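Q: Could you walk me through a few local features of this one before I set anything up?

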Amino acid sequence: MFILNKTHSVANSFLAELRDESIQIDRLRFRENLKRLGILLAYEISKDLSFKPRVVKTSLSETTTAVIADDLVIISILRAAIPFSEGFVSVFDHAEVGFIGAARKEGGEEVEIALDYTAAPDITNKTVIIVDPMLATGKSLVKSMEKLRTNGTPKNVHLASVIAAPEGIEFINKNLDLDFKIWTCALDERLNEMSYIVPGLGDAGDLAFGPKL
């Protein structure tokens with residue numbers, strides 16, 4: 001598991017602004033900080049990908065450089081992940097992109113996840129990056145991956161979040177039976193009685209786009 005804020009960097013400033021209730025009321029800035037963290041986390045994930053040599057002809061000579069060899073698919077968990085995934089797409093600009101609509105079902109004693117919308121490409125032998133800013137219970141990521149596997153068997157999977165809870169990490173490790181790695185910008189303390197991350201930042205979707213009915 002990779003945790004971005006274990007090393008001091010500009011990412012900590014973006015995280016601080018995302019959490020600060022006096023700043024996060026600026027929706028444009030909130031979305032921009034999510035995108036920035038997506039760019040930084042995509043860069044870190046890129047170090048774990050497969051590479052191949054490519055010959056490049058310059059105006060003076062030729063040189064060889066290593067470029068990404070993996071076929072990438074970025075899956076955005078709607079709606080909160082849209083700004084975060086923009087950062088990934090801007091870095092992995094040749095990747096295919098898919099979308100899954102996942103939401104909590106209201107009213108139950110335990111958190112249940114409804115998948116209401118899926119638009120995803122064939123993922124057979126591809127490297128899949130599932131992007132969801134808040135990894136709370138982990139159930140939405142597990143259910144999303146179960147749904148995606150009807151589109152093929154991936155080469156490997158990267159689960160990317162802005163903030164994660166230990167309970168969600170534990171749930172994923174117990175319930176996802178494939179090759180995967182977890183990448184997050186921050187690992188927080190715990191979930192509260194409503195299964196929201198503490199200290200967290202609130203509802204990322206509402207902060208990015210406005211409250212929903």
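What follows is a short exchange on aromatic pairs, one glutamate and a pocket.

A: Happy to, with the caution that this is a predicted model.

Q: How many aromatic pairs does the structure hold?
A: The structure holds two aromatic pairs. In one of them, the ring centres of Phe2 and Trp183 are 5.2 Å apart and the planes stand at 45 degrees, so this pair is tilted.

Q: Which strands do Phe2 and Trp183 lie in?
A: Phe2 belongs to strand β1 (residues 2–3) and Trp183 to strand β10 (residues 180–187), so the pair ties together parts that are 181 residues apart in sequence.

Q: And are they buried or exposed?
A: Trp183 counts as buried at 7% relative accessibility, whereas Phe2, at 25%, counts as partly exposed.

Q: What about Phe84 and Phe88, how is that pair arranged?
A: Their ring centres lie 5.2 Å apart with the planes at 90 degrees, so the pair is edge-to-face. Both residues sit in helix α3 (residues 81–91), four residues apart, which is about one turn of the helix, and both Phe84 and Phe88 are buried.

Q: Switching to Glu44, what does it touch beyond its sequence neighbours?
A: Leaving out residues up to four places away in sequence, Glu44 touches Phe2, Leu4 and Trp183. Glu44 is placed in helix α2 (residues 27–46), and because its relative accessible area of 16% is under 20%, Glu44 is buried.

Q: Last topic, what lines the second largest pocket?
A: That pocket, with about 260 Å³ of space, is lined by 13 residues, and those nearest its centre are Ile68, Asp70, Leu72, His94 and Ala95. The lining divides into six nonpolar, one polar and six charged residues.

Key: Residues numbered from 1 in each chain as written. Predicted model: local features only at pLDDT ≥ 70, side-chain atom pairs only at ≥ 80, totals over all residues. Heavy atoms only, no water. 1 Å grid on protein atoms, 1.4 Å probe; cavity = no way out; pocket = protein on both sides within 12 Å on 5 of 7 lines; lining within 4 Å. Points joined across faces, edges and corners; volume = space filled by probe spheres on them. Nonpolar A, V, L, I, M, F, W, Y, C, P; charged D, E, K, R; others polar. Helix = DSSP H or I, 4+ residues; strand = E, 2+ residues; numbered from the N terminus. Buried < 20%, exposed > 50% of the residue type's maximum accessible area, 1.4 Å probe, protein only. Contact = heavy atoms within 4.5 Å. Phe/Tyr/Trp six-rings, centres within 6.5 Å; stacked < 30°, edge-to-face > 60°.
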